[in-house]
Each structure stands twice: as C-alpha cells, then as structure tokens.
Amino acid sequence: MTELDCNQENRWVNQSGVMRPDMAGSGRLSVRGWLCACCAFLLWSTPTLFAQNPVQRPKRAGNAGNPAAAQGGQPNQANAKPTGPLVTATTIEDKQYSAKEAEFKDEKLTIKSDPPQTVAMDELQRVVFQHETTLVLEWIGHTDRDTVQIGAVDGGNGVRDVKIRATGLAAKSFKQVAIVSKKQFRVWRLDVKNSPFWKLTADRVGQGSLAEFYFEPPTVDLFDTELEVTVTYDDNSNSKATVKATSHTNDQTDPEFPPEKLVAKGARVATIYGQLGDLFNGNVVRGDAEQFVIETSWQPQFDLPFAQVRGLFFDGSKPEVKTKFDQQLAKPGEDDYVIVQTKDGAVAEVSGRLQGLSDGVLRIMHEGQLKKIRLDRIQALVLADHPAARGWKAPYQTFRMASGDLLSASLVAIEEKTIALRTSWGSEIRIPRETLVEITGRNTRMVNLSELTPSTVEQVPYFDRKMAYVKDKSWNDRPLKLDGKTYSRGLAMHSRCVLTYELNGEFATFRSLVGFEEEAGSRGRVVFRVMADDKELFAKPDFRAVDKPVIVQVAVKGAKQLRLEVDFGEDEDIGDRVILANARLFRE
C-alpha cells in the first residue's frame with residue numbers, strides 16, 4: 001500500500017506527493033490505508049518535522065480560543081502586549097545609552113533613559129534597534145497568481161492560488177514554512193522533499209519582515225476554516241500563528257481569470273548596487289531615461305535616480321553572469337551594459353543608452369536603433385560611468401534594514417511608527433520602525449579606518465604564501481579578537497604589510513588597540529610602526545605574540561598621509577598575525 005495521504009475530498013497522493021488518477025474520486029479506502037494516512041499526517045504535521053531538525057515547540061500564538069479576534073479578514077497575531085524596541089546609542093567614545101524610546105530634534109539624538117542622554121550627530125557611532133517580532137497573519141484569498149498545483153510538482157495548473165500575508169517575520173532566512181488545515185486534513189509546505197504534502201511558494205525580499213504565501217486551494221471550500229502557519233528559520237527557531245479564512249475558495253478554473261491571464265511567476269527581485277556603498281534588494285517596477293521606480297520590503301515604491309545606481313543583478317541569473325557583472329561594475333564603460341539570456345539559453349551582451357522600462361520590457365538605444373528586451377530575459381545591468389553622487393558635507397547615516405539592505409541618508413525624525421529620513425538625492429521617505437535594525441554614523445568626528453580604502457598597499461610574503469590584509473574580520477572569516485574580547489571594526493595585517501591612507505589634513509588623532517591574533521599562537525614576532533608624512537609616530541621594534549595588546553594613540557594633525565607597517569621580525573613570519581582593533585581617525 002503506497003497511499004500516505006487523503007482528505008475529505010477523497011484526493012489521493014502517493015509517496016512522491018503526486019495524485020493517483022486511478023484512485024481519485026473512488027471514495028473507498030481500506031482500514032490499513034486510513035491508518036497509514038492518519039499516522040503520516042500526525043507525524044508530518046508536528047513542528048519538529050516541519051523544521052526537519054529537533055526544535056523547541058513554542059508557545060501557541062494566534063487567536064485560538066478567541067472568537068472575537070481575526071474576523072472580517074483582519075490580521076491575527078499572538079495575544080501579547082508589545083513593549084516596544086530597545087534603542088541603544090553608542091558614541092564615538094564607545095559610551096552607550098539605552099532606553100525604550102528615542103527622539104531626534106535639532107540635529108541631536110536623545111535617548112529617553114533616566115536621566116535622558118543627548119548625542120550630537122557628529123558624535124554618533126551607531127544606534128541599534130531591538131524589536132520584539134510577532135508573527136501576524138492576514139487572509140487575502142484568491143489572487144491572479146498561479147504558481148503551484150496539487151502535490152509537489154512545480155508550476156501552476158490554471159487554478160488561482162490562495163494568498164496569506166505574513167508580517168512580523170524575524171530577520172532570518174526561511175528553512176521551512178508549513179500551513180496546516182486540521183479541519184480538512186491538509187498540509188502545504190515550502191520544502192516538500194521526502195513528504196507527501198502540497199507545495200507552497202513564498203514571496204519575500206531578502207530577510208524582510210513581510211512575506212506572502214501562495215498555495216493551491218483544496219476541493220472543499222476553506223471558508224471559515226482556521227489555518228495554522230509555522231515559519232522555521234535557518235537557525236531552527238520558529239514562529240507560529242493562526243488565521244481564519246474569511247472568503248470562499250474554489251479549486252476550479254475561473255472564467256473571469258483564464259489560465260493565460262494568470263501570473264505564473266512572482267516579480268523578479270534585483271540586487272541594486274548604489275553609490276556610497278548602498279545595497280538593497282527590490283522589484284524594479286518601471287523606469288524612464290532618468291530613474292527607476294523601486295519596490296522594497298521597507299518602502300512600497302520610491303524613485304531612484306540613475307545617478308545613484310551603479311548596477312542591478314537579477315535573481316536566478318546564471319553563475320557565470322556574476323563574474324561578468326562584477327568586472328563591468330568595477331570598470332563601467334561609456335554606455336549602459338545589459339547581460340541578456342537568449343532564447344536558446346545562451347548569454348549575450350547589449351550596450352547602448354537606456355530609454356525606459358515599463359510593462360515588463362526594457363527599452364535601450366543600441367547602435368542607433370531602439371531595442372526592446374523582456375525583463376524576464378535580463379540577467380544583469382551596469383549603468384554607464386557617470387560622475388559620483390553628490391557627497392555629504394555634514395554628518396549622515398547608513399540605515400541597515402532587517403532585510404540586510406543598506407541605504408545612505410540623513411535622519412529627519414523618529415516617529416511613533418516610522419523613521420523619517422532624507423536621501424542623498426533630496427527625497428524624504430518614511431520607513432516602518434520595525435524594518436530598521438541599525439543606524440551607523442558617517443562623516444562624524446570619528447572614521448573607522450576600515451571604511452577607507454588605502455591609496456597604496458604593499459604586501460610581501462616571507463616565502464611564497466601571501467596573507468592579504470582583511471577589514472572588520474580576521475582571516476578565514478573569524479571575528480577580530482584581542483585579549484578575549486571581540487571587536488566588530490578594525491584591520492588584520494600579516495607581515496610584511498604596509499597600508500598608506502590619504503588624510504589630507506582632515507584628522508587630528510589616530511587611535512587603535514594593537515595585538516596578535518589569539519589563534520596565531522606564541523611565535524609571532526614583528527616590527528610595528530605608525531608613520532605620518534614619513535615621520536615615525538609610534539614604533540615597537542620587537543613586538544611579540546606573548547606581549548599584551550597596546551593602545552596606540554598618536555597626533556596626526558595636519559598630516560597628509562598615514563602609514564601602518566607590519567614588518568618581519570626575528571623569527572621568519574610564523575604567527576605574524578597582527579590585529580588593529582577599533583583603528584580610528586578622529587577630527588578635532
């Protein structure tokens with residue numbers, strides 16, 4: 001007996017999750033088959049197996065037992081009183097202030113602690129927002145999407161998908177999503193490998209707090225049915241909530257929405273490479289000869305001028321495309337550059353001037369002729385070389401979203417539910433507070449050396465093996481660590497390495513904690529120097545791994561260049577791994 005799953009509609013699927021045509025609608029089931037189906041459902045519908053790894057069963061969220069909640073299509077969530085995020089501000093001198101709330105007024109940030117603490121923006125290192133995430137579900141019902149069908153088969157079948165919207169997701173990647181209708185004995189899952197369940201799809205931008213789940217409707221109408229949704233993240237933590245179906249469903253094709261008019265795929269997501277290190281994921285809605293209209297997880301739509309964009313890399317692109325994209329991004333040409341997938345699956349390159357994007361078609365002037373390219377064929381795009389975006393003279397900030405996106409802007413206001421900010425191109429936008437994770441101060445009185453690019457780099461191996469210097473981490477992706485403490489910013493340098501930075505007389509002081517990487521053992525032995533305009537400011541000619549880390553603080557007022565040297569010591573280059581933790585330059 002291979003049948004493992006059946007429900008009230010007498011649908012039958014075998015172990016591969018594919019419907020058995022010879023059994024459909026038979027209405028007959030042996031006792032043995034019924035017991036197998038029951039056991040399969042009970043085993044596979046536990047949260048432990050949803051995660052495919054043992055995880056702790058969370059407290060039941062949602063509004064089970066609360067008939068007054070989640071009626072009329074309203075969101076359904078856990079009955080917990082929100083206490084608000086914890087806001088922690090760190091100054092450039094590493095002083096920290098925390099409170100439930102913060103206020104921004106007169107170019108100063110006030111942390112509403114007891115007593116309140118005020119930080120000027122040129123003294124701000126970062127602000128961290130800790131959010132209490134609560135999974136909230138909203139029933140949407142039938143859509144014009146057709147991405148799934150019965151069982152685990154990819155693609156649609158002409159029947160409109162059903163949609164549930166989820167908000168309050170943690171800033172983590174999905175490992176598994178499961179929707180369970182206990183009343184109808186039905187399970188849908190994001191990952192259906194080694195299970196008899198039906199496939200669902202999820203639309204989510206990066207690690208955004210919002211996602212939309214699409215699934216195939218069963219034969220029996222879901223109206224007034226409670227559905228339980230469990231989201232399991234890549235760290236095996238999970239969230240659970242319930243939602244009630246507040247509209248009717250149908251598993252037949254709809255004459256008003258014939259299969260040819262249904263959308264078979266979700267919107268294509270592009271990674272957008274911007275100026276000033278901006279990097280975010282979003283849907284390219286449309287565009288003209290001057291700007292794109294972008295949709296992200298933290299902003300429904302906003303205009304993004306071409307002057308702020310370096311390139312776009314679309315999801316699903318071939319691996320070899322990324323290499324070409326990176327090369328072109330490093331040295332853009334005089335024309336806009338598009339990498340396209342041809343009808344036979346090959347990759348082609350088109351150069352010209354972008355004219356616009358609408359209705360899923362990109363228009364580009366190529367060799368005097370207007371070419372039209374479907375967006376679903378575009379793999380990547382690099383804009384022509386253009387003058388750098390307007391630089392910031394005053395302090396500004398980098399905003400890091402829960403999705404991992406980075407946007408350079410200046411803080412305007414901290415409101416009850418939103419954060420107002422002004423972009424580098426002059427637009428004022430508001431982002432939901434729960435989408436913001438961190439604000440990092442830029443152009444302040446302090447600059448982390450790891451944020452700057454050396455004007456010259458000299459790296460000489462003792463034998464043949466060269467260990468390149470690393471920013472904000474140690475080698476092999478290990479964290480920077482000195483004397484048992486971990487640091488998020490700094491440099492890792494191996495002998496012989498000389499880094500030269502252009503100061504242009506802007507800074508007054510250089511400061512860093514310098515020592516050896518703990519994993520290097522006790523044999524490290526180097527000559528360490530700090531130079532400014534060829535003048536030695538600090539030297540430790542026999543710096544050893546057994547020595548304690550030292551604080552280096554030197555005056556560099558008026559200096560045009562700063563040079564850091566880690567040279568060979570008396571014991572070859574074994575263990576010569578030097579860490580410069582919190583390597584910083586300070587203005588007066």
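**The second largest pocket**

Reply: Let's start with the lining: by class, the second largest pocket is lined by two nonpolar, nine polar and nine charged residues. That lining is made up of 20 residues, and the space in the pocket comes to about 460 Å³. Keep in mind that this is a predicted model.

If you want to find the middle of the pocket, look for Thr398, Thr440, Arg442, Glu451 and Arg489, the lining residues that lie nearest its centre. As for who supplies the lining, the elements that give two or more residues are strand 9 (124-130), strand 28 (396-401), strand 29 (406-414) and strand 32 (436-442). Strand 32 gives the most, with three residues.

Now step back to the whole chain. Its secondary structure comes to three helices and 45 strands. The chain has 588 residues, and buried ones make up 49% of them. Take the contacts with a separation of 6 or more: residues 24 or more positions apart account for 63% of those.

Most residues other than glycine have a negative phi, and most peptide bonds are trans. With that in mind, go to Asp114 and Pro115, which are joined by a cis peptide bond with omega at about 0 degrees. You'll find Pro115 in the loop between strand 7 (108-111) and strand 8 (117-120). Another cis peptide bond runs from Ser495 to Arg496, with omega near -15 degrees. Here too you're in a loop, as Arg496 sits between strand 38 (490-494) and strand 39 (497-502).

Then there's phi. Asp94 isn't a glycine, yet its phi is positive, at about 70 degrees. Look for Asp94 in the loop between strand 4 (86-91) and strand 5 (96-99). Its relative accessible area is 39%, so Asp94 counts as partly exposed. Asn582 isn't a glycine either, and it has a positive phi of about 50 degrees. This time the place is a strand: Asn582 belongs to strand 45 (residues 577-586). Asn582 has a relative accessible area of 18%, and buried means under 20%, so Asn582 is buried.

Notes: Residues are numbered from 1 along each chain as its sequence is written. This is a predicted model: local features need pLDDT of at least 70, side-chain atom pairs count only at pLDDT 80 or more; totals for chains, interfaces and linings use all residues. Side-chain values use heavy atoms; hydrogens and water are left out. Helices (H or I, at least four residues) and strands (E, at least two) are DSSP runs, numbered from the N terminus. Buried means under 20% relative accessible area, exposed over 50%, partly exposed in between (1.4 Å probe, protein chains only). Contact means heavy atoms within 4.5 Å. On a 1 Å grid over the protein atoms alone, a cavity is a set of points where a 1.4 Å probe fits but cannot get out, and a pocket is an open set with protein on both sides within 12 Å along at least five of seven lines; lining residues have an atom within 4 Å of a point. Grid points are joined across faces, edges and corners, and a volume is the space filled by probe spheres set on the points. Ala, Val, Leu, Ile, Met, Phe, Trp, Tyr, Cys and Pro count as nonpolar, Asp, Glu, Lys and Arg as charged, and the others, Gly among them, as polar.
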